[in-house]
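Here are my notes on this one, written as numbered points. Keep the structure open beside you while you read.

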Amino acid sequence: MTFPTTPSTSAGAPQAPQSHAPAIRESIVRYARYSFGGTWESLSPHDRFRAVAMALREFTLDVMRQTEERYQEAGAKRVYYLSMEFLIGRSLTNNLLNLGLFDEFDEALTGLGSSIEQVQAAEQDAALGNGGLGRLAACFLDSLATLDMPGYGYGINYDYGLFRQEIDNGYQRERPDAWQRRWTPWQLERAEEACIVPVYGRIEHGRDRAGAYNPMWLDWKVLIGIPNDMPVVGFGGKTVNYLRLYSARSSDDFDMQIFSQGDYIRAVEQKIRSETISKVLYPPDTVDAGKELRLLQEYFFVYCALDDIMRRFLDEHGDVGAEPLEHFAEKVAIQLNDTHPALAVAELMRRFLDIYDMSWDRAWQITQETLAYTNHTLLPEALEKWPVSLLEYVIPRHMQLIYEINQKFLEKVQQLFPGDEELVRSVSLIEEGEDKQVRMANLAIIGSHSVNGVAALHSELVKKDLVPDFYRIWPERFNNKTNGVTQRRWLLRANPQLAQLVTESCGDGWITDLDQLRKLEPLAKDAAFQQRFSEIKLDNKQRLAATIAELCRVKVDPNSLFDIQIKRIHEYKRQLLNVMHVIHLYLQIVEEGVVPEVPRTFIFAGKAAPVIGRPSRSSS
Amino acid sequence: MNLEFDKHDEQQIVICRVIDSRIDGSVSGDLKKQFEPHLQGGIKRVALDMSAVKFVDSTGLGALISLRKALPEDGELAVCGATAQVDNLFRLTRLNKVLLMCASVDEAIEKLTEIG
């Protein structure tokens, strides 16, 4: 099916000259018949969703191919966002809105006696993240595509995303979220681009043919990374990028060898162990429970991502001069979302040095020019550290390189700040002690040309409190990038009535340029605007009140002020402080006779990090 | 393990073509065994044609190291015609810096002859 290239959108985008709803309807019915072996009426809700998603996917994939051709023709620099988490959520309506096909699909589904709302209710939630860090990653991908920039995400295709929450007798119970139990039409497996990932083994300290020291990484095992692409649709329908998520598989080659030796059970065990790597997203505060597996996850996706990025670079630019990799940083930018992908520093160096025979200094310069690091936490105790012994066991060559990076870096620090041993100790990649640790934030800072915090105050505190010694060495390296969310999802999609009002009042430019909301300022005192705004707000509050009544059996007054805190439930999120404020206001009313200006309803929601060994009471 | 041996008599180079598409733990022991008569015959230079090999696991690479060690110190083991994937595995282990990597058997004979 061929769709229009400048499709219509629901709130404020151009209208297509003619409706393609009949063709869309035909496509949906065809998928129902030939992919799921039934009629539209006979399909389960989930298969209905999949039939609709597959009809939409045709258009998505067409644009994705066109986008790639455009980038290749332009020889564009590509931006890669490496993140352990992508909190994607549901994609159907978002993709429909961004492609401008919402109204036409809605019309097609109405013709089938259904609606988009009904169909999307059956879509699994791709909860491949814990909270803000993962949602930030997903919002960035949306914005990159909307800005027609070649931006790609790289992460892990977890079988189990963030746990489902159930409240049992006041306690949170975590239930597994097997979001991929049923095949999702949004993912395309690219088995032909699988990546062989070496892991474990030992270093043999040998000599090369010229007699120079030559450490050899031997006796490694092999994992296989299978990429799965999720299209990321930019608003306007011109650009579709993708998020590449890797699933871990055991190596068939490796397993066949054990099978051929007749050890069936060992072969199956090996397969299970390998595939465990992409099995589950670690909830916060639980990383200690399985350190080796978490390290394997981080290494696995970094290795796969860099393998893919380098392959694409050489495919596109391999014929540029005698040394194409000299131009790597001109065509590749890699952003590290927190320290989880910090091993990219060592892995990129390993590739430049071991695979491409680059000199150390040049490899280091290109590595720094390519990488940038986003810091998310100010809590020193929350900064990732890995025991040296574990790194030596899991990735011995990388640990060797980390030592070498550290040695060369500390030599420079000593030259710049002679005699300042405290500084050397503080910025070293290695935390000395009985069990030596590698400081991943230090590795990310040293290996990057840019270090940013995610809010103005946060970025200041990174410089002043968290890593002041690094700021002293490289003040120019530190900057701020304030977190945001995409207004396509969180206003256009989440609040269609308000989106409509904004568009009617100041045009639809705000959908891609949020600063245009300033055009609403003159309307702040406009009675008609205020009236519409209040009606929309009340209508949304009534719908929320109905949901609360249904889920919690609590009746709330939609005319009261809704004071809402929805986020991960954690001590540092300060929900308890908020509760104390509620108690304070209550006591003011009952003990001091203070009459509040308006009645208030306090609403809390969120998932708590699972506490090992006992359920989480704070979420109740 | 299927190996085909040939000899470049003039230059005293043993040419060995690996017929199998993989060198792994199940065949690597056999590799050294089949080379044994040649090693006892005092060969110094070997050109190993790996153009048909698609995968070498770490045990297979270990077998190649053993073979190199079994040759005299002034000998050479040349790996010829490694596919991109196999070449990557040599680079991963940095074995490419220990063995003589050649695009073809002809190139290997030329280089081994030069080295003498």
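Helices (H or I, at least four residues) and strands (E, at least two) are DSSP runs, numbered from the N terminus.

1. Some ground rules. This is a predicted model, where local features need pLDDT of at least 70 and side-chain atom pairs count only at pLDDT 80 or more, while totals for chains, interfaces and linings use all residues. Residues are numbered from 1 along each chain as its sequence is written, chains are lettered from A and ligands numbered from 1 in the order in which they are written, and side-chain values use heavy atoms, with hydrogens and water left out.

2. Helix 6 of chain A. Twelve of the 15 residues are buried (buried means under 20% relative accessible area, exposed over 50%, partly exposed in between, with a 1.4 Å probe and protein chains only). Among them are Leu133(A), Arg135(A), Cys139(A) and Asp142(A). Just after this helix, Asp148(A) has a positive phi of about 55°.

3. Thr146(A). You'll find this residue in helix 6 of chain A. Thr146(A) counts as buried because its relative accessible area is 10%. Leaving out residues up to four places away in sequence, Thr146(A) touches Gly234(A), Phe235(A), Arg488(A) and Thr512(A); contact means heavy atoms within 4.5 Å.

4. Helix 4 of chain A. In this helix (residues 102-111), the buried residues include Phe102(A), Phe105(A) and Leu109(A). What covers the buried ones? The cover includes helix 1 (21-34), helix 2 (45-74), helix 3 (92-99) and helix 5 (116-120) of chain A. Just past helix 4 of chain A, Gly113(A) takes a positive phi of about 75°.

5. The chain B sheet. Five strands make an open sheet here, in the order 1-2-4-6-7 with mixed pairing; two strands pair if DSSP finds at least two bridges between them. Strand 1 (3-8) and strand 7 (100-102) of chain B are the edges, each pairing on one side only. On average, neighbouring strands of this sheet are turned by 20° against each other, direction ignored. (Axes are lines fitted to C-alpha atoms, for helices over the stretch in contact, and angles run from 0 to 180 degrees between N-to-C directions.) Strand 4 (residues 45-49) and strand 6 (residues 76-80) of chain B run parallel, joined by five bridges. In one of these strands, strand 6 of chain B, Leu77(B) is the bridge partner of Val46(B). Helix 1 (residues 28-40) of chain B packs on the sheet, its direction making about 25° with that of strand 1 of chain B.

6. Where the chains meet. Helix 11 (residues 344-355) of chain A packs against helix 3 (residues 84-93) of chain B at about 105°, with the axes 8 Å apart. These two helices are therefore roughly perpendicular to each other (65 to 115 degrees counts as roughly perpendicular, under 35 as roughly parallel, over 145 as roughly antiparallel and the rest as oblique). Arg350(A), Asp354(A) and Ile355(A) meet Asn88(B), Arg91(B) and Leu92(B).

7. A sheet in chain A. Its three strands follow the order 15-17-16, with antiparallel pairing. Strand 16 of chain A is joined to strand 17 (residues 437-439) of chain A by two bridges, and Ile430(A) stands opposite Val438(A).
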